[in-house]
Amino acid sequence: VWSVWGLALALVLVALATIELAARARGFEPSIKDTPALWSAYRERARTPVGIAAPLVVIGSSRFMLGIDANAMSTTMGRAVINLAIDGSSPMPILEDLARDASFRGTVLCEIYTFSKDGPDTEKANSKPIEYLHYFHSRTAMSDIEARLRERLQSHLVLALPELSLRQIVNGLFMRNLGIRPSYLRMVPGRYRPADYTRIDLAEHRRHWLEAYSHLDPPLTDVEVLAFADKVSGWVDQIRSRGGDVVFLRMVSSFGVRTIEDAQTPRSQWNLFASRVHGTALHYQDVIALRDFVAADGSHLDRTVAGPFTRALGETLLGLRAVSATRATKAP
Amino acid sequence: MVFNSIGFFIFFAIVLGIHQLPLSWRAKKINLVVSSSLFYAAWNPFFLALLWISILVDWQIATRMNSFRPEVRKRMLFVSLAVNLGALSIFKYGDFITQNVAWILRYVGLEYRPSPFGIMLPVGISFYTFETLSYTIDVYRGEEKPWKSFLDFAVFLTFFPHLVAGPIVRPADFLPQCDQPRRASHAQLGWGLTLLTMGLFQKTVVADGTLAPVVDRVFHASSLVGFADAWCGALAFAGQIFCDFAGYSLCAVGVALCFGFLLPDNFNSPYAALGFSDFWQRWHISLSSWLRDYLYVPLGGNRVGRVRTYFNLGLTMLLGGLWHGASWTFVAWGGLHGAFLITERLLRRRGHTSSDKSFPLVWVGTTFVLTTVAWVFFRSNTFQQASSLILAMAGVQRASLFRIVGHKEFVEVLAIVAIMLALQWHVRDRQLSDVVARIPRPALAVILAAMIFLIVTDEAPDRAFIYFQF
């Protein structure tokens, strides 16, 4: 019995070690898989009992995931920062959920990039966060522990990368795509996704985003923007009633994407929203420390820029009365 | 906590480690009860109370039952049935019952709009309810004496390998094992780990990684599917549900064996069955034998005339379908199997008894195809979804072959199902342990290594075992 098992385990270890070393030699780095289970484990940390320092929660889309390193921001701000942004989605369902959660007493940094029929707060943009929230509210007692265990494993082992699974490799062979290359994106603990744009054809990538943004739905009218601000203000009030606050941030965009967004959501409309909404509304172009950052592909920050941006944003937030007033009395 | 999780392996290693310590047998049983309770509480601590209510009520009733007159004993059995089936009705069938009452009232002109119960289904309730009921019923019938040790009874019901999705263990099979200290021999430990590996491979790599994505796509787009799509989806689900549930059962038997306990086999090459009566002796054996012993036989079985036998068969299968879930699609699935069984009985009465021996592959093929058609109702959420797929499978809905599934996936599904059928045919009259024992050791080591490698590196998203929802 043990000779069979000994040989089997030895073969597995040799195979796994070979893949791990070969993949690292080809430039692959460990990356955590973002799942509703992992997101829920982070969401749970946003709940804090009375007497414990309340966190700053970051909600938004991929721009926040690639642009904000929660661990670095936590060091800058001296309080826990939890990144709950989700790729390709609107943060509005999460803001609403945080507002309704009596055990959440922290402050929220909420990304807003455009006012259009495409987002924020549309069925399409809300579907992914709603799926994540459904998982969060119906998960089992064990799922947070399991998610943390997987996060630890995936953050250390390259062989946990989906693209290195035998299925993907075989699929690659079928597609005659034999050269599996490391992705320019990965995810590290804290749900931060550093992007290395030196690994891809940046011009092509910019064209991709330009194409994606050229299909944005029609803009909202001023009346619709005001109605949206009123709706959101109700959630802000709920969060404020527990000692927290909300800061809305128009995130950095550059090149053609910025041109489209500025046309889509004119400055006057942002000002209208900012004047109406409860909470603080920041446009990155209004903040000296933020306005010179450039999104490498037009929409997202490169990892070399994300660090300085995170620090600058953290310091900016510390300077806001809304944030400093809710600052933790004791460090996390 | 599911078998295909890192948390489970840490839990398993700790509990097995304690079980191997030089402790008294009583201390080891306490370890099993406490750790099994933690295992169950990992889903929802509240539902642990429900499990323990069943344990305490049935223990008290069965222990005292024999000292009372027959009328009182009958009432005590009724209390046990009411407590267990009452909890099952509320938690599993509450919404289903109220929705159907509302539907009937609306049919007669009365408007009734019940609010949904919104109760979460306690995992494994259908399984442990049947296990605990079999104990009180056996004691009531005088087939079993009340067991002397409450600790043993608690081990029987809570033992984590079979707690949430079976096999449905009978007290007569399990309780005597609690009498003497049990510790797995090296051979048992090795075989237990082999079964665990095989079960996880079936679940993670075949069911979740390969078949489930195809099933999800086809059933999600049921109104758009072509002929080949529909067959591909149905065949993929036939493979998925087997690999998912038989995989779970292998894990359960393997994990139990690592502690020195023997659990009954739950599957025995069901897709190599020669007809439906053979199928139900090979598929979810612990449930079909439970339904036979506690429902079909008490109804009169086949001793009460031909028509009544068919009625008993049909009713048993309908209730068996309902056991799987609170939906009429499950009842339809059970009804279809009831109809298949009745038809097979009729055929056999008319002299077709030897045809399964003369044309075994025809019987196997027919049984498998009809079983696959019935699975469509099992997997569908609504009759509309099921009928779309059935019509597409019959080729009457759409002219196109492929609209949802790619050619590569189609070939992949066909290949997996063909391999599955061939393997089941190959081992249908043999024990799995005998088949594995004939594999040369180096080859077995390589097979195990390949399975572990694929389990570890598979990137399929996590899915709960299908039978957890029942």
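In this predicted model, chain B has a mean pLDDT of 90, and 95% of its residues reach 70 or more. Among the elements of chain B, the lowest mean pLDDT, 62, belongs to helix 15 (residues 355-358), whereas the highest, 96, belongs to helix 6 (residues 150-158). For the complex, the predictor gives an ipTM of 0.80 together with a pTM of 0.86.

The contact between the chains can be described next. Chain A contributes 29 residues to the contact, and chain B contributes 37 residues. Between them, chain A and chain B bury about 2,800 Å², and 70% of this area lies on carbon and sulfur atoms. On the side of chain A, the residues that lose the most area to chain B are A:Trp2, A:Trp5 and A:Arg167, which together account for 23% of what that side buries. As for charged pairs, the count of salt bridges between chain A and chain B is zero.

A further feature concerns the surface of chain B, where B:Trp103, B:Ile104, B:Tyr107, B:Val108 and B:Leu110 make a nonpolar patch of about 630 Å². One of these residues, B:Val108, is found in the loop between helix 4 (70-107) and helix 5 (125-141) of chain B. Is B:Val108 buried or exposed? With a relative accessible area of 58%, B:Val108 is exposed, and because patches are made of residues with over 30% relative accessible area, the value of 58% for B:Val108 meets that requirement for membership in the patch.

Terms used:
Residues are numbered from 1 along each chain as its sequence is written. Chains are lettered from A and ligands numbered from 1 in the order in which they are written. This is a predicted model: local features need pLDDT of at least 70, side-chain atom pairs count only at pLDDT 80 or more; totals for chains, interfaces and linings use all residues. Side-chain values use heavy atoms; hydrogens and water are left out. Patches are made of residues with over 30% relative accessible area and no salt bridge: like charges are joined within 9 Å, nonpolar side chains (Val, Leu, Ile, Met, Phe, Trp, Tyr) within 5 Å. Accessible areas come from the Shrake-Rupley method with a 1.4 Å probe; for residues, only the protein chains shown count as cover. A salt bridge is a side-chain nitrogen of Lys or Arg within 4 Å of a carboxyl oxygen of Asp or Glu. Helices (H or I, at least four residues) and strands (E, at least two) are DSSP runs, numbered from the N terminus. Buried means under 20% relative accessible area, exposed over 50%, partly exposed in between (1.4 Å probe, protein chains only). pLDDT is the predictor's confidence in each residue, from 0 to 100. Contact means heavy atoms within 4.5 Å. Buried area is the accessible area (1.4 Å probe) that two parts lose on being put together, summed over both.
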